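Please look through the sequence and the model below, and then read the short report that follows.

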Amino acid sequence: SKREIKMRKLDSTKVRPLKSEQLLHIEEHDFALRPGFGGSPIPVGIDVQVESIDSISEVDMDFTMTLYLRHYWKDERLSFRSNKNKSMTFDGRLIKKIWVPDVFFVHSKRSFIHDTTVENIMLRVYPDGNVLFSLRITVSAMCFMDFSRFPLDTQNCSLELESYAYNEDDLMLYWKHGNKSLSTDEHISLSQFFIEEFSASSGLAFYSSTGWYNRLFINFALRRHIFFFVLQSYFPAMLMVMLSWVSFWIDRRAVPARVSLGITTVLTMSTIMTGVSASMPQVSYIKAVDVYLWISFLFVFLSVIEYAAVNYLTTIEERKQLKKRGKASGMYSMDAVQAMAFDGCYHDTDEDMDLSPFPEPCEENETRASQTNISNADTPRLKRKRSLKGNVGRIILQNNHVIDTYSRIIFPSVYIVFNFFYWGLYI
């Protein structure tokens, strides 16, 4: 009646629908139900354009990706008349009033739709009821990584899409253009990885409570850059191992020099191993880098043990020599090395040693020598100092132990063989 129409016009609680809503007849339909409810499942096509892979985290075992997610379906309830057969495009304000697929990311940790300067949502409706729904999303999802070959590894990750509420009886999710449904930006690059391939696949997922669901997969393979780890881990470990071999050429009686060198290399190797472990998840299996660092640490440790054996055998030999000489004139005779350890002076031969029980200190000898006249310049001590430079090589050879001689050959040879097998196995 005219009175009812007038009352409706005066009712301020009624909001007039927008012209677009009137054209699409949104008020005339119940969009809480899917299109074709009660009939065959509605097909929803998907295509994805990957904009960037923002980060890969080994510690958290996840990746972050920004992509354009597009849905295609047909809803005859949204069909409209158009003389020019042109589509209509809307922003995100219309999404809440119509039915859209409830696609979500399986194994996602966090995700969001970009909203600068407005929500990055686009809805395009065609006169025959075909709909294009596009989103720009950043999602972080789990990637089950295997670090047994780290850092010489290749990781295979996937981003999985699935309908949350509608199983295969209500919604059929598929790739819109087959393998061409997945496209990537040509400039995608990562600091630690080469992106070897992108591929699209599909499958089914079963849940005991709700049934079977269509699932789509975005698969990509990442191969790690090795050069960074060569500079940060492998090369320093090699240098520490080779530095530990320097002790084989140092006089076996130079205890402070050889012990300090051994302890320094051991501590440095421990620091390198700790730094690598701190940037990795605490996995229960051995990684490839662990094998290399632990073998390198073993070589450094054996270099210290080697000198312990040399020092011990040298002490035993000197004791045997001392017992053979016996006592002479109520005191022990000393060789050059023992005399040097006793009075702090270097003795080239046994003839120039003072066999008195308490030789004078070296500093007093040097002071007395400096006070002598120029005519006494050819004393045995000065002769010994002059001939020292020419006899350095002979002295070093005489003071080497047979273990040091063999170690100079065995340690480098075994380490080279180990590197050959290691790089051949993992590369």
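## Glutamate 58 and its surroundings

In this predicted model, glutamate 58 is in contact with Met145, Phe147, Gln192, Phe193, Arg224, Met280 and Pro281, when its neighbours within four places in sequence are left aside. With one of these residues, arginine 224, there is also a polar contact of 2.5 Å, which joins the side chains of glutamate 58 and arginine 224.

Glutamate 58 is found in a loop, namely the one between strand E1 (42-57) and strand E2 (62-74). Is glutamate 58 buried or exposed? Its relative accessibility is 10%, and because buried means under 20%, glutamate 58 counts as buried.

Isoleucine 409 lies in helix H10, which is made up of residues 402-426. Its relative accessible area is 56%, and since exposed means over 50%, isoleucine 409 is exposed.

On the surface, Ile409 forms a nonpolar patch with Val402, Tyr406, Ile410 and Val414, and together these residues have about 490 Å² of accessible area.

## Annotated transmembrane regions

According to an unreviewed UniProt entry, the annotation "transmembrane region" covers residues 226-247, 259-279, 291-310 and 409-426.

Over residues 291-310 the chain is 100% helix and 0% strand, with the end C-alpha atoms 28 Å apart. Over residues 409-426 the chain is likewise 100% helix and 0% strand, and here the end C-alpha atoms are 27 Å apart.

Conventions. Residues numbered from 1 in each chain as written. Predicted model: local features only at pLDDT ≥ 70, side-chain atom pairs only at ≥ 80, totals over all residues. Heavy atoms only, no water. Helix = DSSP H or I, 4+ residues; strand = E, 2+ residues; numbered from the N terminus. Buried < 20%, exposed > 50% of the residue type's maximum accessible area, 1.4 Å probe, protein only. Polar contact = N/O pair within 3.5 Å; in protein donor to acceptor, adjacent residues only side chain to side chain. Contact = heavy atoms within 4.5 Å. Patch = residues over 30% accessible without salt bridge, like charges linked within 9 Å, V, L, I, M, F, W, Y side chains within 5 Å. Areas by Shrake-Rupley, 256 points an atom, 1.4 Å probe, with all protein chains shown as cover. Salt bridge = Lys/Arg side-chain N within 4 Å of Asp/Glu carboxyl O. UniProt positions renumbered as here; feature names shortened; annotations may be inferred.
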